[in-house]
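Visitor: I would like to go through this structure and hear what stands behind each label. Please give the cut-offs as we go.

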Amino acid sequence: MCGRFAMDDETNDLIEAFVLDGNDFRDWTPSYSIAPTDVIPIIRERHDRATGEVRRTVEPARWDFHPSFLRDSKRPQFNARIETIATNGLWKGAFASSRCIVPMRGYYEWTGKPGDKQPHFLHGDGLLAAAGIATARKVDDEWQVSAAIITRAAKDASGEVHDRMPAFLLPDWDAPWLSSAKLDEAGRLELVEQLGAVSDQVATTIRSYEVDRRVNNSRTVDPSDATLIEPLEA
């Protein structure tokens, strides 16, 4: 699974990295400890029916997927399994036409027994693009966007730490992933297969190292502390 991650790029860095048309998240500040229900930056493409233009922007989303038809729940929906993303009623609508990218520097996983957990930071060679889905609903007369990260069976170095990992995209695969053209069932199943193959390639580049246990408690840790992702001294 992916229950905590770090994203240290500024908004302007994201605009440059993903060739965005604009910025709808001016309040974003880098965080080294992002937890479920936090507000995160996502990359989305949206089609403007009035002008016919397709705009790619960075915007805020609550990391707790909550479509309008879902009743309030105490359990946040922040990860969606690739095995059911195209067929499960909770996810398939957003997967068909509202996919997004969740940029991250890396993510945390833990090993060990309860009460004695050792955190690990898993990362690549640069900014990672996790596959995600987004939805929107009205909250107090305002639209609230929320998102989930798609996860898959872990492999390579990720599999040595945990049995699940985010499904990451290759740098040149953002165009088909972000397309807002609605997919039918056959199209959804084909995209799942392609995502599996693409994320297989990225998985080979993921590496991990142990980090300080200060990150274990998301309530007390300082999310602006860049040393959270530094490797433990030998």
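Guide: The chain has 5 helices and 11 strands. Helices (H or I, at least four residues) and strands (E, at least two) are DSSP runs, numbered from the N terminus. This is a predicted model, in which local features need pLDDT of at least 70, side-chain atom pairs count only at pLDDT 80 or more, and totals for chains, interfaces and linings use all residues. Residues are numbered from 1 along each chain as its sequence is written, and side-chain values use heavy atoms, with hydrogens and water left out.

Visitor: How many disulfides does a search of the whole structure find?

Guide: The search finds 0. A disulfide is a pair of cysteine sulfur atoms within 2.5 Å.

Visitor: Why is Cys2 called buried?

Guide: Buried means under 20% relative accessible area, exposed over 50%, partly exposed in between (1.4 Å probe, protein chains only). Cys2 has a relative accessible area of 0%, so Cys2 is buried. Cys100, at 0% relative accessibility, also counts as buried. Of the 234 residues of the chain, 48% count as buried.

Visitor: Why does Asn79 count as buried, and what does its side chain reach?

Guide: Asn79 is at 17% relative accessibility and therefore counts as buried. This residue is in strand β6 (residues 79-81). Its side chain reaches the backbone oxygen of Cys2 at 3.1 Å.

Visitor: Where does Ala86 lie, and why does it count as buried?

Guide: Ala86 lies in the loop between β6 and α2 (92-97). Its relative accessibility is 3%, so Ala86 counts as buried.

Visitor: Which residues is Ala86 in contact with, leaving aside its neighbours within four places in sequence?

Guide: Contact means heavy atoms within 4.5 Å. Ala86 is in contact with Lys92, Phe95, Arg188, Leu189 and Val192, its neighbours within four places in sequence left aside. Ala86 and Glu185 are 99 residues apart in sequence, yet 7.4 Å apart in space, C-alpha to C-alpha.

Methods. Polar contact = N/O pair within 3.5 Å; in protein donor to acceptor, adjacent residues only side chain to side chain.
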